[in-house]
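Here is a walk through one protein chain, taken a piece at a time. Please have the sequence and the 3D view open beside you as you read.

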Amino acid sequence: MDFLTNLSDNTGEFSYLDIALALSLSFLLSCVIGIVYRKTHRNVSYSQSYVQTMIVMGVIIAMIMLIIGSNVARAFALVGALSIIRFRNALKETRDVGYIFLVMGVGMACGTGFYTLAVIATVVICLALLIMHRFNWFHHNVQRQVVKAQVPAHEDLSGDIDDVLIRHTDEYEQVSIETIRGGALTEMTYTVKLKRGKTSADLLAALRDVTQGQQVTVLTGYDQTDL
C-alpha cells in the first residue's frame, strides 16, 4: 500500500478533454490522409499495412507530444528511447515518405493543441494532392526504351549498332557494357527514344541483322520484346 501511495499520476498536466480531442482528431485526420493516399496511388505497390501503420503513427505522435508537453527532459528521454528503433522495410515510392511526414506533422499539431492548424493543413495538402492526381501534374511524356544487345566478344560491332540506332531513334545513350557467359559475349545496354513511325519490332529486326544472331532485348514501360 505504501508503494501505491507513493505513485504519482501526471495526467493532471492536461485534461481528459485534451487527451480525447488530440487523439481523436489525429486519428480522424490521419484516416483522411490514408483515404487520399489510396485514391491517388497509381502503382501496384499499394499496401494496406502501410496505410494502417501511417494512421496509427499519427495517433502515436499526438500521444508523444502530449507526454512531452513543455518538459525538455522528457523530450530528450523520448529521443533516446526512440533512437533504438530500426526500420528494415524500404519504402517502395518516394511519395510514401511525404505521407509519413504529413501524418507526423498532423500528429504533432494535434498533440500540442494546434487543432485548427492540423485541420487546415490536412485539408489544404490533401486537396493539393488530389488536384495533382486528377490533372496529372508534372507528368513527363517521354517514352524511352532500354535496349540490350549481345554480340560476340571478339567482334567489334559497336559501330554497326550505332548506325542502326541512328536510323531508328531520335536519341540514344549507352548505359553499360559488360562481358557475359564467361567472356564469350559482350552485352551492351542503351536507353533510346524511338523515332516517330518506328516500332520496337523494327529496331529489334535491324539490330538482329548486325549481332550475328545473338539475343537482342528491348524493355519498355509496358512490356518486353525479346528475340
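Does Asn136 count as buried, partly exposed or exposed? Asn136 counts as partly exposed because its relative accessibility is 35%, where buried means under 20% relative accessible area, exposed means over 50%, and partly exposed is in between (1.4 Å probe, protein chains only). Asn136 sits in the loop between α6 and β1 (145-152). Its phi is near 55 degrees, a positive value in a residue other than glycine. For background, most residues other than glycine have a negative phi, and most peptide bonds are trans.

Before going on, a word about what you are looking at. This is a predicted model, in which local features need pLDDT of at least 70 and side-chain atom pairs count only at pLDDT 80 or more, while totals for chains, interfaces and linings use all residues. Residues are numbered from 1 along each chain as its sequence is written, and side-chain values use heavy atoms, with hydrogens and water left out.

Now for the overall plan. The protein has eight helices and five strands; helices (H or I, at least four residues) and strands (E, at least two) are DSSP runs, numbered from the N terminus. Read from the N terminus on, the elements are α-α-α-α-α-α-β-α-β-β-α-β-β. Of the 227 residues in the protein, 30% are buried. Among contacts with a separation of 6 or more, 68% join residues 24 or more positions apart, a contact being heavy atoms within 4.5 Å.

Let us start with a pair of helices, α3 (residues 48-68) and α5 (residues 94-111). They pack at an angle of about 30 degrees, with their axes 7 Å apart. Axes here are lines fitted to C-alpha atoms, for helices over the stretch in contact, and angles run from 0 to 180 degrees between N-to-C directions. The two helices are therefore roughly parallel to each other, a label for angles under 35 degrees, with over 145 counting as roughly antiparallel, 65 to 115 as roughly perpendicular and the rest as oblique. On the α3 side, the residues that meet α5 include Tyr50, Met54, Met57 and Ile61, and their partners in α5 include Tyr99, Ile100, Val103 and Cys110. By class, the residues of this contact are 13 nonpolar, three polar and one charged. In this scheme Ala, Val, Leu, Ile, Met, Phe, Trp, Tyr, Cys and Pro count as nonpolar, Asp, Glu, Lys and Arg as charged, and the others, Gly among them, as polar.

A second pair is α2 and α6. These helices pack at an angle of about 5 degrees, with their axes 10 Å apart, and are therefore roughly parallel to each other. Residues of α2 in the contact include Leu25, Leu29, Ile33 and Thr40, and those of α6 include Ala118, Thr122, Leu129 and His133. The contact of α2 with α6 has 13 nonpolar, three polar and two charged residues. Arg134 also belongs to α6, and it is exposed, with a relative accessible area of 60%.

Not counting residues up to four places away in sequence, Val106 touches Leu29, Ile33, Ala118 and Thr122.

Leu203 and Ala206 are among the buried residues of helix α8 (residues 200-210). Just after α8, Gln212 takes a positive phi of about 60 degrees.

Strand β3 (residues 185-194) is our last stop. Thr186 lies in this strand and counts as buried at 13% relative accessibility. Tyr190, also found in β3, counts as buried at 2%. Leaving aside neighbours within four places in sequence, Tyr190 is in contact with residues including Val147, Ile161, Leu165 and Val175. The C-alpha atoms of Tyr190 and Leu165 are separated by 9.4 Å.
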